[in-house]
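Visitor: I am new to this structure. Please show it to me, and then take my questions one at a time.

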Amino acid sequence: VFDSGVGGLTVLHELLVSLPSEDYVYLGDTANFPYGDKTDAELQQFSVRIADHLLELGVKLIVVACNSAAAAALETLEQHLKPTGVDVIGVIRPAAQTAVVSTSNGRIGLLATPATVNNGAYARALLDADPHVHLESVAAADLATIINEGATIDERIVQSVRAYCAPLRAAAVDTVVLGCTHYPLVAPLLQRSLGRGVKLITSGVGVTRSVERALAAKDLLNPQAGEGSYRFQTTADVESFTEVGVRFLQMPFGEVEHVELGRPTSNMVRT
Ligand code: DGL
């Protein structure tokens, strides 16, 4: 399971609940955080590099627990991993499918990073799931950073969340996709800003179903009962990753490993 930081722990949590006997390795690419302001080309390079690293560890399936990376790189990863037979599951399709089932008035909001909104992956996934829904997208430039740093919620953060939610309220959406894996960590704040009548959609549960089906199809589900192992890795500072991560996931991380994946070397052109 990988993400740009601690946000993907919200997806790992769902996996641990649904498939507790599997063995997990979670990589937070904090050295390249935030992914939300990167180009598709950069995110594809980061993602392929991480996938190669995870393959070396012997993983049997990869979950892209980051919307920005999934939007930009899922197809690239599918192609890249094809010869290995290792499946890759992203977070966008499951969230889009959950959202169209959840909405009553057909008006869906999306709160995501600029990379995810600009890529248009949610618009495409929602359109695939139901061509008649209306989508209102808001790019939240700094929300993931605030969460990733583990900042204490203060009045400034509340005001900024209210400002991000204002266009969604104005658009009368009844369902909002939290299109960044960091956002479920501030779900109470978002729910208060959006109001009781709005359903918040996360991808976690849908992702676990896809993971379970993909593993079952290849007869790869771990037949052992009991809890599997877990292992955490970060590409940046171990201490801050552990401190914020343990607080959010509410479980001991054990020995968190620092890994160097290097930075992409080829030309990265900003679009
Ligand atoms: N967790 C990432 C996502 O789901 C975003 C955070 C970032 O900007 O790195 O898009």
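Guide: Helices (H or I, at least four residues) and strands (E, at least two) are DSSP runs, numbered from the N terminus. The expected span of a helix is 1.5 Å times one less than its number of residues. This is a predicted model, where local features need pLDDT of at least 70, side-chain atom pairs count only at pLDDT 80 or more, and totals for chains, interfaces and linings use all residues. Residues are numbered from 1 along each chain as its sequence is written, and side-chain values use heavy atoms, leaving out hydrogens and water.

Visitor: How far apart are the end C-alpha atoms of helix α10?

Guide: Helix α10 covers residues 204–217, which is 14 residues. At 1.5 Å a residue they should span 20 Å, and the model agrees with this because the end C-alpha atoms are apart by 20 Å.

Visitor: Which residue just after α10 takes a positive phi?

Guide: The helix itself has buried residues (under 20% relative accessible area, 1.4 Å probe, protein chains only), including Val207 and Leu215. Just after α10, a positive phi of about 55° is taken by Asp219.

Visitor: Does Lys38 count as buried or exposed (over 50%)?

Guide: Lys38 sits in the loop between β2 (24–28) and α2 (40–56). Its relative accessibility is 17%, so Lys38 counts as buried.

Visitor: Which side chain makes a polar contact with the side chain of Lys38?

Guide: A polar contact is a pair of N or O atoms within 3.5 Å; within protein, one must be able to donate a hydrogen and the other to accept it, and residues adjacent in sequence count only if both atoms are side-chain atoms. At 3.1 Å, the partner of Lys38 is Asp37.
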